[in-house]
Amino acid sequence: MNNQSPITVPRRRPWPGLFASSSSSSSSSKALGTWLGEDANCMEHLLVHCANAIESNDATLAQQILWVLNNIATPDGDSNQRLASAFLRALVTRAANIGSCKILAAITTAATSSSLTTQSFSLMDLAAFVDLTPWHRFGFTTANAAILDAIEGYSAVHVVDFSLMHCMQIPTLIDAIATRFEFPPLLKLTTVVVKHTPPILELSYEELGAKLVNFARSKNVRMEYRFVESCYTDGFSNLIQEIRVQNLIYGPESKEALILNCHMMLHYIPEETLNPNPSPNFDMLSSTRSMFLKEIRSLEPAIVILVDEEADFTASKMVSRLRSAFNYLWIPYDSMDSILPRNSKHREWYEAGICRKIQNVIAEEGIERVERLEPKTRWVQRMVNSKFRGVGFGEDAVSEVKTMLDEHAAGWGLKKEDNHLLLTWKGHDVVFATAWVPY
């Protein structure tokens, strides 16, 4: 997984008859463990076989595979082992959740011995967490550049921040507005708050807002702050209604630009169709996700910035989601190895977040499964269907992203596709950034 070519899965089972009987499981597992140590990519194949065994309630086969994984997928090993360990934990949780393969509990103590704790961050710790990699900074940088271009000529700017990163993007936006405009517009910021969703901030939103307003004042930027608690399960309906009411109050004569900054939050909105018997052409249009996009289109925003991770976690079958997640989430583990030692607290926090994502993708179903990433191509189709057109990022945005990437490990890169920008790691697409205006 450390070379430039995408990970591939062998179509032929590489160990014919290896799990033929339980009597030979000990010697077979030892042989397999030795073999896998030389070919870490095949951990994916083992995880897929284990997932299939759990889904079919084949306790004997699942037990044999888990025994091997438990010995080779160590949570403190190299990046491949830590990745496989996270999936192993998720598969055990899956088996417990669906009430199958209860015999597995006896052999999975090591896999589940350490609990997934949720870290509470101070502002300084969260800023340091964000600065570890360009995973979030890429979106912040591209979005700020697009916002600056979109607010030219407006006397007021209303930014609605759909993000779980607690306004980490906003200080650089304030600084950029102060630098760009001789007479900066009034900045109104509405933060979308989703309760009990990591990362957790130690500070209250009232305190966070006061700090941002004071920082803006120090930059001679007038600022108003508010936060709205909302829920992704219904497409943030109460927030949409509040914005609609505000637009009616102030009206178009206010010269206020509405900016919708969507940073890795929209994939929490359910993507399944609301129609029990959808036609092929109606499916995408009838989901809560697409209904949300149509609602924000009706608000006539000046610009919508959509940033998210370039992966597909929407398959109905868990095994398919496992393949997609394994072939995407090796990237954060691999990138951590290039910058932080194994005993680093920051690395522990960072990888705990990835473990929680894996746990959700594999172990949960229904409304509890919130990590429902869609690739850029599908988001583009959704936006076009909702009557948005893409706008390109200027040379300033590209230049700023390149400057930011120079502060990080050499494996990070930038790619441009049509009007869109993509963050890459060793040639693999990681995060996409797109900008949209109504037509």
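Trainee: What makes Cys167 buried rather than exposed?
Mentor: The model is a predicted one, and in it Cys167 has a relative accessible area of 2%. Buried means under 20%, so Cys167 counts as buried.

Trainee: Where does Cys167 lie, and what is said of its phi?
Mentor: Cys167 lies in the loop that runs between strand S2 (156-163) and helix H8 (170-180). Its phi is positive, about 65 degrees, although Cys167 is not a glycine. Lys426, also not a glycine, has a positive phi of about 50 degrees. Lys426 sits in the loop between strand S10 (420-425) and strand S11 (428-438).

Trainee: Which peptide bond is cis?
Mentor: The one from Pro198 to Pro199, with omega near -5 degrees. Pro199 belongs to the loop between strand S3 (186-193) and strand S4 (200-201).

Trainee: Why is H2 called roughly parallel to H4?
Mentor: Helix H2 (residues 43-55) packs with helix H4 (residues 79-97) at an angle of about 0 degrees, and their axes are 11 Å apart. Angles under 35 degrees count as roughly parallel, so H2 is roughly parallel to H4.

Trainee: Which residues meet there?
Mentor: From H2, Met43, Leu47, Cys50, Ala51, Ile54 and Glu55 take part; their partners in H4 include Phe87, Leu88, Leu91 and Arg94. By class, this contact has 10 nonpolar, two polar and two charged residues.

Trainee: What is known of the largest nonpolar core?
Mentor: It has 107 residues, of which Met223, Ile259 and Ile358 touch the most other members. Helix H12 (residues 318-337) gives the most to this core, with 11 residues. Apart from it lies another core, of 31 residues, among them Cys262, Trp379, Met383 and Phe432.

Trainee: Which residues does Met223 touch, leaving out those up to four places away in sequence?
Mentor: Met223 touches Ile170, Ile174, Leu186, Leu187, Leu189, Leu212, Val213 and Ala216.

Trainee: How many residues of the protein chain are buried, as a percentage?
Mentor: Of the 439 residues in the protein chain, 54% are buried. The chain's secondary structure comes to 15 helices and 11 strands.

Key:
Residues numbered from 1 in each chain as written. Predicted model: local features only at pLDDT ≥ 70, side-chain atom pairs only at ≥ 80, totals over all residues. Heavy atoms only, no water. Axes fitted to C-alpha atoms, helices over the stretch in contact; angles between N-to-C directions. Helix = DSSP H or I, 4+ residues; strand = E, 2+ residues; numbered from the N terminus. Parallel < 35°, antiparallel > 145°, perpendicular 65-115°, else oblique. Contact = heavy atoms within 4.5 Å. Nonpolar A, V, L, I, M, F, W, Y, C, P; charged D, E, K, R; others polar. Core = buried A, V, L, I, M, F, W, Y, C linked by side-chain atoms within 4.5 Å. Buried < 20%, exposed > 50% of the residue type's maximum accessible area, 1.4 Å probe, protein only.
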